[in-house]
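Hi everyone, thanks for coming.

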Amino acid sequence: MKNIGFLSFGHWTPSPQSQTRSAADALLQSIDLAVAAEEIGVDGAYFRVHHFARQLASPFPLLAAIGARTSRIEIGTGVIDMRYENPLYMSEDAGAADLIAGGRLQLGISRGSPEQVIEGYRYFGYAPAEGSDDADMAREHTRIFLQTLDGEGFAQPNPRPMFPNPPGLLRLEPHSPGLRERIWWGAGTRRTAEWTAEQGMNLMSSTLLTEDTGVPFHELQAEQIQRFRDAWKVAGHQWEPRVSVSRSIFPVVTDTDRAYFGRESGSQDQVGHLEGGVARFGKTYAGEPDRLVAELAQDEAVAAADTLLLTIPNQLGVDYNVHVLETVLRDLAPALGWR
């Protein structure tokens, strides 16, 4: 395990039980948490993107703000729904945010998950082409996005421009060299992981897989990771990919921890239905540190990945989440081979 980061969904709700009661709270606390996480040694700050929801939505202003306030920590998404994105405008936003951060962006993208509204991407002006579906549209947006990140010129310059142009076809600016190799795809199946490798993207796998073979979640996810790495070798890319997995991990070391997560100590995998198909959900790890170390040592996917993203309960506030992260780094991470 080389890297440990956190993944926040950025929920907010106007409830007295929530420490995050407005969109401003969610955004500003996300910045504060990333700054604090860097100070205690966390490797990455990642954020989920949802539309039409009381959650974080447009990621690039947030990523740029964190980039300007930090100097070391990786800054990423997990994930951006490509059904909603203009890939050219996204390329400019991503390039700018990455340059502000000094090349620390790690962008997770995907086809997306069930959203708050029906076919919400249509409100953004996007619709699948005839004979295709929303997943096809997401992959087409991704193809264009990746192509623009290569930095090759493709646009015919105006012969009488307002400002002088460099010679040849023009590319999107600002261009951030190296960002293309820091794009991740959130894969929900083994076959999608293979496709991810074929496209030359890193693999991001969460606590949910949209298939089930009857084996424990961590075994199915470990198989997904192996298939990704096998497909990468076949594709012949000239750089080493990265793999992240997400886990809900809560060491119980205080009475507050016990009140929040003590009842999760018996958590197990769950199998359910999502968008008409069978899905397997990974369990929550909660309990005394020694017990969690033993349980995580048996997690084949955690062992196979190089990056572990800890899903955090952001509505419990910055201070509590820093406590959770600090406890994981102190009491669990060394036993997992971190650093």
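**Salt bridges and helix contacts**

Let me start with Arg83, which counts as buried because its relative accessibility is 5%; buried means under 20% relative accessible area, exposed over 50%, and partly exposed in between, with a 1.4 Å probe and protein chains only.

Before I go on, some housekeeping. This is a predicted model, where local features need pLDDT of at least 70 and side-chain atom pairs count only at pLDDT 80 or more, while totals for chains, interfaces and linings use all residues. Residues are numbered from 1 along each chain as its sequence is written, and side-chain values use heavy atoms, with hydrogens and water left out.

So what does Arg83 pair with? Its side chain meets that of Asp134 in a salt bridge, 2.8 Å from N to O. By salt bridge I mean a side-chain nitrogen of Lys or Arg within 4 Å of a carboxyl oxygen of Asp or Glu. This pair links distant parts of the chain, 51 residues apart: Asp134 sits in helix α4 (residues 134-149), and Arg83 in the loop between β3 (74-81) and α3 (87-100). Helices (H or I, at least four residues) and strands (E, at least two) are DSSP runs, numbered from the N terminus. Asp134 is buried too, at 14% relative accessibility.

How many salt bridges does the structure hold? There are 25. As a reminder, side chains of opposite charge can pair when their charged atoms come close.

Here are two more of them. Arg122 bridges to Glu119, with the closest N and O atoms 2.7 Å apart. Arg122 is partly exposed at 42%, and Glu119 is partly exposed at 37%. Then there is Glu295 with Arg291, at 2.9 Å from N to O. Both lie in helix α8 (residues 289-297), 4 residues apart, or about one turn of the helix. Glu295 is partly exposed at 23%, and Arg291 is partly exposed at 33%. Elsewhere, salt bridges that share partners join Arg190, Arg191, Glu194, Glu198, Glu211, Glu223 and Arg227 into one network.

The axes of α5 (residues 190-199) and α6 (residues 217-235) come within 8 Å and cross at roughly 30 degrees. That makes the two helices roughly parallel. Axes here are lines fitted to C-alpha atoms, for helices over the stretch in contact, and angles run from 0 to 180 degrees between N-to-C directions. Under 35 degrees counts as roughly parallel, over 145 as roughly antiparallel, 65 to 115 as roughly perpendicular, and the rest as oblique.

Which residues of α5 meet α6? Among them are Arg190, Glu194 and Glu198, and the α6 side includes Glu223 and Arg227. Contact means heavy atoms within 4.5 Å. Ala, Val, Leu, Ile, Met, Phe, Trp, Tyr, Cys and Pro count as nonpolar, Asp, Glu, Lys and Arg as charged, and the others, Gly among them, as polar.

My last pair is α1 (residues 23-40) and α10 (residues 318-332), whose axes come within 10 Å and cross at roughly 30 degrees. These helices are therefore roughly parallel to each other. The contact includes Leu33, Ala36 and Ile40 of α1, along with Val322, Leu325 and Leu329 of α10. By class, the contact of α1 with α10 has 8 nonpolar, 2 polar and 2 charged residues.
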